[in-house]
Amino acid sequence: MRWCVGPAGLLYEQALIGMQGVLQAAGEGHWLRWIEEDIGTWREQGSTAHHRSAYGGMGSFNDLYLTSAQSEPDKIWLNEALDTLRHIAASVAPSAEQSSDSFRQVPPGSSTTSLAGVAISVCGRCQSRFVTPSSILFAAAAAWCSWAVPALVQDQHGESVADHALGVAPDDHREDYVTYVGAAINGSGVALADYDSYAAWSCPSCEHRQWRTSSVGVF
Ligand SMILES: [Zn+2]
């Protein structure tokens, strides 16, 4: 994971612009309007108050999760990008408001998806190990976002974060990450699961229905 450095105001605005693109791509109307208001109040009044009020509490911006199904791989990437952008904006907002030009270094955030490994399910009886396609994507997306998003924000390309996350920008490395994580999983002897939900799924090897979670290190 990398650091993100620059004038606080610039990092703040670029993170908001990144969010605008991500929320637009994800079709999240409510929070898109919220962030657009944040951009307006920042540019017109130098205020970060409206954005900061989005965090904390039930149903807040922190709780916004862009995906719930394996059928939406793009949203997994957008979700991880949003997570990184939220971390950057929340980290620099107080400094940006105090003094827009003040130099800030944003430490890497602790992503919701652990970079330490890919989440897997282990059969409670026969110990067979399975990974879901979405777990592979989450790990690949979190690893990619950890450096690509801070770099785009720092280089003032917040507007292209969504395109990179969606894999439509040149040199985005998205497929490289999927290949890399997939190969690491293959090499670890964990089988690819046919299903994404383990709750109602019986083990293909022994038909047991209880699973425990574990992880396989990749990076
Ligand atoms: Zn089993």
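What follows is a short chat about a predicted model.

Reader: Nice. Which residues of H7 are buried?
Author: Arg 174, Tyr 177, Val 178, Val 181 and Ile 185. They cover an arc of only 100° around the axis, so they sit on the same side of H7.

Reader: And which exposed residues are on the face turned away from that buried side?
Author: That face of H7 carries Glu 175, Asp 176, Thr 179, Ala 183, Asn 186 and Gly 187, which are exposed.

Reader: What covers the buried residues of H7?
Author: The cover includes two helices, H4 (73–98) and H5 (133–154). It also includes strands E3 (118–123), E4 (129–131) and E6 (211–216).

Reader: What about the backbone just after H7, what phi does Gly 189 take?
Author: Gly 189 has a positive phi of about 80°.

Reader: Where do I find Gln 156, and where is Glu 207?
Author: Gln 156 is in the loop between H5 and H6. Glu 207 is in the loop between strand E5 (191–192) and E6.

Reader: Why does Gln 156 count as partly exposed, and why does Glu 207 count as exposed?
Author: Gln 156 has 14 C-beta neighbours inside 10 Å, so it counts as partly exposed. Glu 207 has 10 inside that distance, so it counts as exposed. The cut-offs behind this are 12 or fewer for exposed and 20 or more for buried.

Reader: Changing topic: which residues touch the most other members of the largest nonpolar core?
Author: Tyr 12, Val 22, Leu 78, Ala 81, Leu 85 and Ala 140, in a core of 58 residues. Several elements each supply at least two residues of this core, including helix H1 (8–26), helix H2 (29–45) and helix H6 (161–165). The biggest share comes from H5, which gives 14 residues.

Reader: Let me zoom in on Leu 78. What does it touch, leaving aside residues up to four places away in sequence?
Author: Leu 78 touches Val 22, Ala 25, Ala 26, Leu 66, Ala 162 and Ala 165.

Reader: Now the strands. What is the order in the open sheet of 4 strands?
Author: The order is E5-E4-E3-E6, and the pairing is mixed. E5 and E6 are at the edges with a single partner strand each, so one side of each has no neighbour in the sheet.

Reader: How does H5 sit against that sheet?
Author: H5 packs on the sheet and touches E3, E4 and E5, with its direction at about 150° to that of E3.

Reader: In what sense do E3 and E6 pair?
Author: Antiparallel, over 6 bridges. Ile 120 stands opposite Ser 214 in E6.

Reader: Last one: how do strand E1 and E2 pair?
Author: Strand E1 (residues 4–7) and E2 are antiparallel, over 4 bridges. Val 5 has Gln 105 of E2 as its bridge partner.

Reader: Which residues of E2 are on its covered face?
Author: Arg 104 and Val 106 are on the covered face, while Phe 103 and Gln 105 are on the uncovered one. In a regular strand the side chains alternate between the two faces of the sheet.

How values were computed
Residues numbered from 1 in each chain as written. Predicted model: local features only at pLDDT ≥ 70, side-chain atom pairs only at ≥ 80, totals over all residues. Arc of directions from axis to C-beta. Contact = placed C-beta atoms within 7 Å. Core = buried A, V, L, I, M, F, W, Y, C linked by C-beta atoms within 7 Å. Pairing = 2+ DSSP bridges. Axes fitted to C-alpha atoms, helices over the stretch in contact; angles between N-to-C directions.
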